[in-house]
Amino acid sequence: MDHLKLLCDIGELNWIFSDRASTKAFLQRIVGIVATHMRADVCSIYLFDEGKCELTLKATKGLHPDSVERVRLKLGEGLVGLALQQLEPVCEPVASTNPHFKFFPGILEERYESFLVVPILRGTARIGALTVQRQQDYPFGDKDVLALRAVASQLANIIENARLLFSLQEGPRAVEAVDDLGDLRFIKGRVASEGFAFAEAVVVDRERFLGQVLSLDVDRSYTADDFRRAVALTESQLRNVQKLVGEKLSEDASLIFASHLLMLRDRSFFGAMTELIEAGESPPAAVFKVAKHLIDLFAQTEDPYIREKAHDLKDLTMRLLGNLVAERENESIWHGRIVVARDLFPSDLLQMSSEGVAGLVFVGGGVTSHLSILARSLRIPLVIVDAPRLLGISEKTMVLLDGETGNVYVDPHPSVVSNFQAAHLARAAVQAEKESVQSITLTADGTRIHLLANINILADLKGARELQAEGIGLYRTELPFIVRSTFPSEEDQYAVYRRLVEGMPGRPIAFRTLDIGGDKVPPYLHHPTEHNPFLGLRSLRFCLQNRPMFADQLRAILRAGAGAQVSIMFPMVSSLEEFLEARDILFSCRDELAREGIPHIHGPRVGIMIEIPSVVDLIDDFAREADFFSIGTNDLIQYTLAVDRTNEKVANLYVAHHPSVLRTIRRVMDAARYGRTEVSVCGEMANDEKYLPFFLGIGVRILSLDPLYLPRVQRAIARIHLEDATRIAQEVLAQTRVDAIGRILEEYQRTSLRGIGQAIAS
Ligand code: PEP
Ligand code: MG
């Protein structure tokens with residue numbers, strides 16, 4: 001048997017697949033080819049649904065056709081389930097003698113006792129199983145096992161691509177068009193970025209879009225001229241976006257679009273499509289076929305820089321296909337619209353912001369997710385709702401988004417709209433008044449509190465300066481880099497960091513080293529898919545495993561810090577060793593720069609972020625080693641309570657004022673006071689006035705927050721007497737229940753506001 005030929009034939013099939021866009025037919029072809037090559041009477045493919053932990057027969061040659069979709073096996077059930085559970089082939093000369101054998105009446109399997117099944121895996125991820133069967137007298141041997149394994153590994157890639165491209169796993173993710181709005185008229189969501197918008201909706205659902213494009217009847221008459229027009233339109237859109245992003249944001253983020261432009265006119269992209277169209281292929285099929293071929297090629301290479309291009313290509317192909325089939329005019333589709341989306345790339349957010357999007361509604365995600373943080377930096381109102389059906393509303397439906405309360409109204413009654421518009425105007429007036437911030441923040445009894453800014457992208461600097469931030473308490477170095485399309489060199493990073501330092505002259509700046517992984521994975525890094533990304537190769541762990549990259553960043557920070565008050569902190573530290581190892585690398589970068597005679601900061605303060613509960617029991621030891629602590633409450637809450645900060649389904653459990661969270665923070669404060677280690681709080685709890693009495697009461701004097709909240713927090717601090725704060729802190733720390741703490745904090749907030757009201761009235 002020529003196994004090589006078998007593999008070649010399967011490889012060829014990839015092309016047939018992209019032509020027909022039919023997964024069923026594709027799988028059916030596979031089983032046919034494999035059965036013929038392996039002289040098997042039966043060949044079947046099962047796919048695994050991770051959610052249900054179940055295998056379903058998807059295609060068969062030799063079993064009864066009705067068994068497709070009907071035969072289902074749990075993991076570990078039957079020989080097929082067993083193979084997938086053990087991640088090993090099972091080869092049986094007489095299948096029914098194996099105790100795991102499961103008999104399905106009516107599928108006609110009993111005639112084919114000689115049985116071989118291999119799991120289809122990608123790494124250790126379970127994708128499905130491939131089986132062959134013959135009559136009892138013709139058992140399978142080792143060579144057959146090898147051959148079927150090779151086919152299965154080739155299939156794994158193809159099926160994963162198919163899942164990605166054709167949304168093979170329909171069902172829960174497929175969104176029905178919504179005819180009757182019903183309960184969608186009013187949705188209570190969660191505010192991720194404040195603001196108000198009332199505008200037409202535009203739904204961004206990539207999976208649905210691709211499905212629509214691929215199910216188009218390709219005989220519909222798209223001509224070569226349509227294709228050229230779509231390319232020209234794409235080109236001019238990209239140039240516009242590039243210009244707008246360049247003007248609006250001070251990052252080099254517009255580079256993303258430059259690389260799309262280059263690709264668009266590349267011979268292997270545009271040239272290959274043109275050739276196919278000239279040879280008679282329909283334009284949508286030509287675009288899809290060429291793009292798919294390149295995406296596959298790029299995705300397979302070892303070189304991360306080339307692999308990263310696959311992501312850009314997908315983006316570009318979507319845009320081109322959209323322009324080809326949707327025949328859009330050369331206008332921004334985001335301007336003044338509310339985007340309803342399942343997920344977006346950071347580059348999408350940049351583009352939408354540069355084109356003046358009015359607001360965003362995400363169906364899923366968390367308010368402390370990094371996309372939410374970026375939306376706040378870009379000042380785009382964003383509400384997160386748990387209502388996937390919203391993706392089915394028709395384009396141009398009017399949506400009112402209230403980014404103060406988190407309410408989303410779909411096709412609202414005019415009276416709702418006028419009420420909101422009035423309230424919005426009133427809020428805008430308050431907004432204007434609150435810009436009168438002071439350069440110094442004092443409590444009611446005159447204690448100095450330092451308010452610093454969290455900076456996510458350089459564009460935040462302006463707001464931070466205008467709102468009198470005393471420095472930068474957290475610079476999230478990774479955010480500028482997840483919006484790019486390649487990892488920046490030391491020089492690129494130095495240029496960005498230097499602009500940051502020059503943008504805050506004479507004030508302290510805390511650089512947080514790269515915190516990628518979790519919900520921040522730059523596409524070009526090709527971070528392995530992890531089952532638990534927040535518990536995986538994230539943050540400092542990633543840096544310690546990728547030292548050259550880490551050293552590039554540390555050198556860039558040290559150089560940018562020359563002559564400035566720069567400190568450096570490591571995120572997600574979980575043990576003393578990790579901190580000491582990272583600090584050693586930092587020191588060796590510093591020594592290296594000294595030897596090379598390159599200007600740099602000689603003695604930066606070095607600190608850690610308190611985000612993982614495991615450092616809390618060691619906090620006295622950390623206090624001896626670190627120059628400062630910065631409490632990252634977003635992650636500290638997530639890891640203390642084991643609640644994914646990005647998961648809307650458990651958002652009600654993500655409670656900042658859980659007694660364990662508050663006591664942990666107090667513990668850190670006590671150790672820091674004893675060890676004379678400086679402490680600040682930089683997570684989003686610092687944005688929330690409700691927690692101020694607690695923080696001040698336990699001794700926190702430095703807060704770092706989104707610049708947007710600076711005036712409000714400053715005013716709230718001015719209302720607090722330290723004596724009251726200490727009492728409130730003691731009171732909440734004595735509580736054991738979340739709701740009791742919530743009530744105390746809210747009651748204090750209400751009475752302090754009432755006090756203000758009475759003072760004004762008298
Ligand atoms: C935090 O975890 O609180 C924090 C400030 O870091 P990030 O939100 O970037 O994870
Ligand atoms: Mg964090």
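How many salt bridges does the count come to by the rule used here? The count comes to 45, where a salt bridge is a side-chain nitrogen of Lys or Arg within 4 Å of a carboxyl oxygen of Asp or Glu.

Before the details, some ground rules. This is a predicted model, where local features need pLDDT of at least 70 and side-chain atom pairs count only at pLDDT 80 or more, while totals for chains, interfaces and linings use all residues. Residues are numbered from 1 along each chain as its sequence is written, chains are lettered from A and ligands numbered from 1 in the order in which they are written, and side-chain values use heavy atoms, with hydrogens and water left out.

**Salt bridges**

| Pair | Closest N and O atoms |
|---|---|
| Arginine 376 and glutamate 684 | 2.8 Å |
| Aspartate 621 and arginine 624 | 2.9 Å |
| Aspartate 724 and arginine 727 | 3.6 Å |

Helices (H or I, at least four residues) and strands (E, at least two) are DSSP runs, numbered from the N terminus. Arginine 376 is buried, at 4% relative accessible area, and glutamate 684 is buried too, at 14%. Buried means under 20% relative accessible area, exposed over 50%, and partly exposed in between (1.4 Å probe, protein chains only).

Aspartate 621 and arginine 624 are three residues apart in helix 20 (residues 619-625), so about one helical turn separates them. Aspartate 621 is partly exposed at 27%, whereas arginine 624 is exposed at 63%.

There's also a network of salt bridges that links Glu478, Arg512, Asp515, Arg538, Asp635 and Arg645.

**The nonpolar core**

In soluble globular proteins, nonpolar side chains tend to be buried together. A nonpolar core here is a set of buried Ala, Val, Leu, Ile, Met, Phe, Trp, Tyr and Cys residues joined through side-chain atoms within 4.5 Å. The largest one has 99 residues, and Phe570, Phe629 and Leu703 have the most contacts inside it. Helix 18 (residues 547-560) gives this core its largest share, eight residues.

**Phenylalanine 362**

Phenylalanine 362 lies in strand 11 (residues 359-363) and is buried, at 5% relative accessibility. Beyond its neighbours within four places in sequence, phenylalanine 362 has contacts (heavy atoms within 4.5 Å) with residues including Ala341, Leu344 and Val385. Alanine 341 is 21 residues away along the chain, yet the two C-alpha atoms are separated by 5.1 Å.
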